[in-house]
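Reader: I would like a close look at one part of this model, its pockets. Please take them one after another and say what surrounds each.

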Amino acid sequence: MIKDITIGQYFNGKSVLHRLDARMKIILTVVFIVSIFLCQNFWSLGLMVLFTLMTVIVSGVPFKMVLRSIKPIAIIVTFTSLINIFYVRGGTSLVDWRFIHITTNGVFTALFMATRIVCLVVISSMLTYTTTPTMLTDAIEKLLSPLKIFKIPVSTLAMMMTLALRFIPTLVDEIDRITNAQKARGANLDDGNFVQRIKALVPIIVPLFVSSIRRAVELADAMDCRCYTGGPGRTRMKQMKFHLRDFASLFVILVLIAGIVVLNYYFGAVLVK
Amino acid sequence: MKEKVIIKFDNVSFAYKADEGETAATGVVDGFSLDVPEGQFLAVLGHNGCGKSTIAKLMNGILVPDSGKVTVDGIDTSEDDNVIDVRKTVGMVFQNPDNQIVATIVEDDVAFGPENLGVDPKEIRNRVDDALKAVGMYEFRGREPHRLSGGQKQRVAIAGVLAMNTKCVVMDEPTAMLDPHGRQEVMDTIRMLNKERGITVILITHYMDEAVKADRVVVMDNGKIVLDGEPRNVFKNVEKLKALGLDVPQATELAYRLKKAGFPIADDILDEEECASAVLKVLEVK
Ligand SMILES: Nc1ncnc2c1ncn2[C@@H]1O[C@H](COP(=O)(O)OP(=O)(O)O)[C@@H](O)[C@H]1O
Ligand SMILES: [Mg+2]
């Protein structure tokens, strides 16, 4: 059961998106996020939404899973929408009753904001659905490697990320074991008020720390034995290579941006100043 | 012709430094000398805390001797400049497979050593595939290590050492955390390394049935060697081994008890088969 946890939220698939180079996917995601904020009217925003939907369909990730990634932001979206509706002024007035003033600008801003946030979250989650954490770490390492000239230890940071990912399941297992051991000794972890429950966690956290430190020492020895120095001169078995599809995907997103600009120009901005 | 010695301990002493405020450290290894010829399968036995792991760590420069000298393929381990060369010669497999696997994918972990050595990517690929095939884990190359059984993880760790092309592998109780099935897998792999690839194996263990399979057994007590020889000759000393808090293989134990009970039975019995035929012989005589 616990042994089966997956790190991150990778969805195993064979789509084009899965096969795109992880570096390109990170770049595309950033470009997309920026272009979301270029939209000025419902036409260009609509194009964005269409593109997002297409991405989800192409990836083959079930809609249910995508919805799950939106769930946590539902509250934020609702909240910002309400604030926008009640506080943004301008355009024609829709409701003007006592202290409640709702204008077209308010409603439009709310709609815009909500759509943008949802698109943003869906697209970013597409990145993590179609890329394994390992590929992501490698890609981040490659993309950040120019920072080495500023003496930032990019490879070491990437190694730390890899080790963190590697040890999450091990530590989850360990927590499970310690919890059971403490329960067997009569620890009561499920009852009591908030403070009592926090206190009940101490007998779990302390052994967890002790064992983690021991693990770290052993791991350091094991890495030493395999000649890890953290210094330069390290090669990688898996070389990342851009394929035609990566350039094609870049082209697609550039076309999308062009589309947004054209639609913005033809239909004008929706918000009246 | 004399065999080439690959690991040599020359009158080595070592003690862990005491922390401040504690009493002075006691020597854990004291005047230790040992020659391991190339290609040997050596088993090291000893009760808990007698310094086996310390010896293992002295073998590839994780620890360096306070006095005396450890040489690996003629290289002194105590010089900082030699550390990479030493570790290219002597690989190490530890007890807990979880604490020595560094990557989130099996083949990436096996590639870790050669990557650190700056080997060419294509060559790494070949070595990784070869090593995984050798330990029978090739089909699992794309898996996540935490989904493997203990025996499988330990085989991945062995593949990681193999991919570094070391001449020598030191294993510190590699089967201690495994179930009988996993132990069997790992033992088979270790013997394959030694017999088919000619790799020198130093196996630290407290399972007697594993030690029986070795070419030579060294028994330690308090950081010193107390018995050294072929398994047959070492396990003969049943009383001495028991005094050291060690067991003997079950078959040896049975023969020993029969002998004590007055039966004329050989005292250098190692496994069930030998025991059975010896008992038969005794019965026939009667
Ligand atoms: N890192 C350490 N610091 C201090 N003392 C240690 C350390 N590791 C082991 N020891 C002590 O050294 C002795 C030998 O330990 P070890 O070589 O691990 O024995 P073995 O592997 O045979 O059980 C033990 O008494 C142990 O307590
Ligand atoms: Mg030990």
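How much space lies in the second largest pocket?

Author: This is a predicted model, and every value below is computed from it. About 650 Å³ of space lies in the second largest pocket. Its lining is made up of 32 residues. Those nearest the centre of this pocket are Glu141(A), Ser155(A), Arg234(A), Thr235(A) and Arg236(A). Two or more lining residues come from each of H7 and helix H8 (154-184) of chain A, and from H3 of chain B. H8(A) is the greatest contributor to this lining, with 6 residues. By type, the lining of the second largest pocket holds 12 nonpolar, 11 polar and 9 charged residues.

Now the largest pocket. About 960 Å³ of space lies in the largest pocket. The lining of the largest pocket has 30 residues, and the closest to its centre are Tyr10(A), Thr132(A), Met135(A), Lys238(A) and Ile105(B). Chain A supplies at least two lining residues from helix H1 (16-19) and at least two from helix H7 (133-144), while helix H3 (106-116) of chain B also supplies at least two. In the largest pocket H7(A) gives the most, with 4 residues. Here the lining divides into 12 charged, 10 polar and 8 nonpolar residues.

Key:
Residues numbered from 1 in each chain as written. Chains lettered and ligands numbered in written order. Predicted model: local features only at pLDDT ≥ 70, side-chain atom pairs only at ≥ 80, totals over all residues. Heavy atoms only, no water. 1 Å grid on protein atoms, 1.4 Å probe; cavity = no way out; pocket = protein on both sides within 12 Å on 5 of 7 lines; lining within 4 Å. Points joined across faces, edges and corners; volume = space filled by probe spheres on them. Nonpolar A, V, L, I, M, F, W, Y, C, P; charged D, E, K, R; others polar.
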